[in-house]
Amino acid sequence: MAEPLLRVEKLVRRFGGIIATDNVSLDVAAGELHAIIGPNGAGKTTLISQLTGHLEPHSGSVSLGGRDITYLPAYRRCALGLARSFQITSLLLDFTAADNVALAAQAHAGTSFRFFANARKEKGLRDAAHAALDRVGLADRADVLVSKLSHGERRQIELAVALASKPKLLLLDEPMAGLGVTESQGMVKLLQELRKEVSIVLVEHDMPAVFALADRISVLVYGRVIASGDPDAIRANDDVKRAYLGDQHVVTHHG
Amino acid sequence: MKTFSVSKAVTALMLAGLVLLPLYSYLSGNIFILTLFTRIVILALAAASLNLIMGFGGMMSFGHAAYLGIGGYAVGMLAQEGVGSGFIQFPVALAASAIYALVIGALSLRTRGVYFIMITLAFAQMAYYVASGLARYGGDDGLTVYKRSDFSGLINLSNRTQFYYLCLACLFGVIFLIWRIVNSRFGLVVQGLRSNEQRMQAIGFPAKRYQLVCFVISGTMCGLAGALLANNTDFVSPAVMYWTRSGDLMVMVILGGMGTLFGPVMGAVVYLLLEEFLSQITEYWALIMGPLLLLIVLFGRGGIMGLLGRVGRG
């Protein structure tokens, strides 16, 4: 089998006495959409942060396209083709939608130590920004300040920003978070399109979306991968049922 | 758009006033006003340079007056050693400021927020005490510059009008540069870092290098103000680096409007004119100045520029 695009091996991250990431190993093949699910507090965001370089693991390794990136800073990983969206929308609020996306394009189009020419008039960057905004269906909102956009629109811009860096691998941290039903459906449709072009790691709570989209699913509980496989296998897995239904039992008891 | 027209009109008026001031001074015979405004223009230049890192870059430097001292001492020390040429003095002043900014910036930018403010303040105070210890160059008492920088007949700095226009040209030049910078690729990255550093790292920008370069550009610009200031007062002393002077510069920037092109100029003009006229009325002028500043900062978020913008909106 060919080298997977992303390989995570025996990753461990502790916070004090809590093991947030407990010997996690997984890989993502090129062209695959790999979903990571798990109850709240399972360590999904901690795991993603170690993949993007915002958090250092205590042991284990992460490699992208065969290259060890475990301790590479976030901006270097981005240059290697790793892009992310944030669970809690993290954009430049006082910039327009187009500026946000154009900056991502700029990061991958030559040096930014240019001091004199107006960057907003660089056709290449503007075109790239508009193409990415068009891709997520926000072409007509390009010149609006992000602080004036709705939550749903900001989620879409998160995606456009990630796309503008022309990534090999897209790490999406709960792209559906806080979206309404129609908005979620739109996002699923969009991801269905995108997955044809780029490999995706999707962390998501929205189960129908995950099962509709994923080639493979890994289930994270208390920092550990308890199951990994295609959607049907996960649906039938007893450990997974216990992890999810077990939580619900607790809820019913209290209720 | 009407929103911008009021602040634009006021800015244009102010700039026209600055350009025509020597004419007024000549016609009215009021020489003092030209001297006062030369100082205002020089400090406006310093405030504009601070605004580049503080307003556009989000780096709250509380040690910006250090560059006024470094630029000034470069001129004063060279003059004392017999090097009177401005063609040597000014480049040395700029280079010294740039090197100081590079070292201080590299160390300070490891920190963020309050710590950044404190560390830049600490370095500026160190510069202050170093200058106080320079016995050969006057120490605490400061250093008199007996002869202004000599630009071999190109321009005569001892001529009030010529010197004023030199300072004004430097101010306009620096503002033009800042305008180009903030709209350039580099400028957008720096402003992006002010807005959301985590996001900028995630899309592939190493924060520190951009901030450091911005810090050095800003310091160099302020070094120019220092060199002009020493020529203006024919004197340089450790007092120009004292932390209250850094505070004055910050107040000018905040008063005028952080992150706006002409805000710092507006801030410098208003602050220094107020200081001048209030201090003529009463010894306790700070008692009036303080509440005034409070009011503007509290109710005029975005400083004078912000206030004018809102007036325009009705």
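The model is predicted: local features need pLDDT of at least 70, side-chain atom pairs count only at pLDDT 80 or more, and totals for chains, interfaces and linings use all residues. Residues are numbered from 1 along each chain as its sequence is written, with chains lettered from A and ligands numbered from 1 in the order in which they are written.

**Helix pair in chain A**
- Helix H3 (residues 97-106) and helix H5 (residues 151-164) of chain A pack at about 25°, with axes 7 Å apart.
- That angle makes H3(A) roughly parallel to H5(A) (angles under 35 degrees count as such).
- H3(A) contributes Ala97(A), Asn100(A), Val101(A), Ala104(A) and Ala105(A) to the contact, and H5(A) contributes Ile157(A), Ala160(A), Val161(A) and Ala164(A). Contact puts C-beta atoms, placed from the backbone, within 7 Å.
- By class, this contact has 8 nonpolar, 1 polar and no charged residues.

**Helix H9 of chain B**
- Of the 27 residues in H9(B), 22 are buried (20 or more other C-beta atoms within 10 Å of the residue's own).

**Contact of chains A and B**
- 28 residues of chain A are in contact with 19 residues of chain B.
- On the chain A side, H2 (74-79) and H3 are the elements that give two or more residues.
- H2(A) has the largest share, 4 residues.
- The chain A side divides into 17 nonpolar, 7 polar and 4 charged residues.

Terms used
Axes are lines fitted to C-alpha atoms, for helices over the stretch in contact, and angles run from 0 to 180 degrees between N-to-C directions. Angles under 35 degrees count as roughly parallel, over 145 as roughly antiparallel, 65 to 115 as roughly perpendicular and the rest as oblique. Two residues are in contact if their C-beta atoms, placed from the backbone, lie within 7 Å. Ala, Val, Leu, Ile, Met, Phe, Trp, Tyr, Cys and Pro count as nonpolar, Asp, Glu, Lys and Arg as charged, and the others, Gly among them, as polar. A residue is buried if 20 or more other C-beta atoms lie within 10 Å of its own, exposed if 12 or fewer, and partly exposed in between; C-beta atoms are placed from the backbone.
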